[in-house]
Amino acid sequence: MKRIKAIYPGSFDPPTNGHLDLIERGSKIFDELVVAILRNPEKDPLFSVADRRKMLEAMTADFDNVSVDTFDGLTVDYALRVEARVILRGIRAISDYEYELQMALMNRKLQPGLETVFMMPAEKYSYLSSRLVREVAQLGGSINCLVPEIVGQKLREKMDVAHKFENGEQRVGKTHSEAKSKFRKKKP
Ligand code: PNS
């Protein structure tokens, strides 16, 4: 029987419990699953690719058939490079469907041999997105049940730096101004 390798591409800025839920589901039906973080130099993410990779590696350490990688360029080209036959994506609600359908059909046009497989995370994560997690964290809300502990820790570290900056405790330094402005960035 052919082994099925899938990639799960995304921004993961930051990874959430919804992502983890999908990774767990994917790891059960595919022989191999690669969580692939898009390196997109045009975007200004909250977490560096290296940070996101570290968080995802820690989150997925217990899954033997899951690995974490980064890529740039087209997702379909990356999938081909790593010899994956499936692109895994999550659909939380009908509102995700249009964008995901468009992407899946474009990817099929670009590379007809690849299949996109949609999976639904648990209902309790259906409202969860990286953007909302960033916003809740920035505004001081609890993110405890929204992200794995390692991500919560990293978010709190970022917030501490941003708050110190706002209180004038730390006035200079790229990291501090970055931390402050990135929490405010609007990102889909
Ligand atoms: O987590 P996200 O931001 O919804 O993930 C979107 C992602 C990374 C899957 C998508 O933007 C993507 O595939 N980008 C790589 C460039 C590409 O292949 N574009 C054509 C998509 S049809």
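Leu33 is in contact, meaning heavy atoms within 4.5 Å, with Ala6, Ile7, Tyr8, Ile23, Gly26, Ser27, Asn65, Val66, Ser67 and Leu88, when residues up to four places away in sequence are not counted. The model is a predicted one, in which local features need pLDDT of at least 70 and side-chain atom pairs count only at pLDDT 80 or more, whereas totals for chains, interfaces and linings use all residues. Residues are numbered from 1 along each chain as its sequence is written, and side-chain values use heavy atoms, with hydrogens and water left out.

A nonpolar core is here a set of buried Ala, Val, Leu, Ile, Met, Phe, Trp, Tyr and Cys residues joined through side-chain atoms within 4.5 Å, and buried denotes under 20% relative accessible area, exposed over 50%, and partly exposed the range in between (1.4 Å probe, protein chains only).

The strands form an open sheet of 5 members in the order β3-β2-β1-β4-β5, with parallel pairing; two strands are taken to pair if DSSP finds at least two bridges between them. β3 and β5 (115-119) stand at the edges with a single partner strand each, so that one side of each is left without a neighbour in the sheet. From one strand to the next the twist averages 30°. Strands of a sheet pair through backbone hydrogen bonds, either parallel or antiparallel.

Within this sheet, β1 and β2 run parallel and are joined by 6 bridges, with Pro9 standing opposite Ala36 in β2. The chain passes from β1 through α1 to β2 in a β-α-β crossover that is right-handed, a term applied if, with the strands pointing away from the viewer, the path from the first strand over the helix to the second runs clockwise. β2 and β3 likewise pair in the parallel sense, over 6 bridges, and the bridge partner of Val35 in β3 is Val68. The crossover from β2 through α2 to β3 is also of the β-α-β kind and right-handed. β2 is mostly covered, with 5 of its 7 residues buried. α2 lies across β2 and β3 and runs at about 155° to β2, axes being lines fitted to C-alpha atoms, for helices over the stretch in contact, and angles running from 0 to 180 degrees between N-to-C directions.The structure holds 2 aromatic pairs, rings of Phe, Tyr and Trp (its six-membered ring) being paired if their centres lie within 6.5 Å, with planes under 30 degrees apart counted as stacked, over 60 as edge-to-face and the rest as tilted. In one of them, the rings of Tyr8 and Phe12 have centres 5.2 Å apart and planes at 80°, so this pair is edge-to-face. Tyr8 is buried, with a relative accessible area of 5%, and Phe12 is buried as well, at 2%.

Phe12 is found in the loop between β1 and α1 and has a positive phi of about 50° although it is not a glycine. Pro14 lies in this loop too, and a cis peptide bond, with omega of about 0°, joins Asp13 to Pro14. A positive phi, of about 60°, is also found at Glu83, again not a glycine; Glu83 is placed in the loop between α3 (75-81) and β4 and is exposed, with a relative accessible area of 66%.

In the loop between α2 and β3, Phe63 counts as buried at 19% relative accessibility. Leaving aside neighbours within four places in sequence, Phe63 is in contact with Leu20, Ile23, Glu24 and Ser27. Of these, Ser27 is 36 residues from Phe63 in sequence, while their C-alpha atoms are 7.3 Å apart in space.

Technical notes
Helix = DSSP H or I, 4+ residues; strand = E, 2+ residues; numbered from the N terminus.
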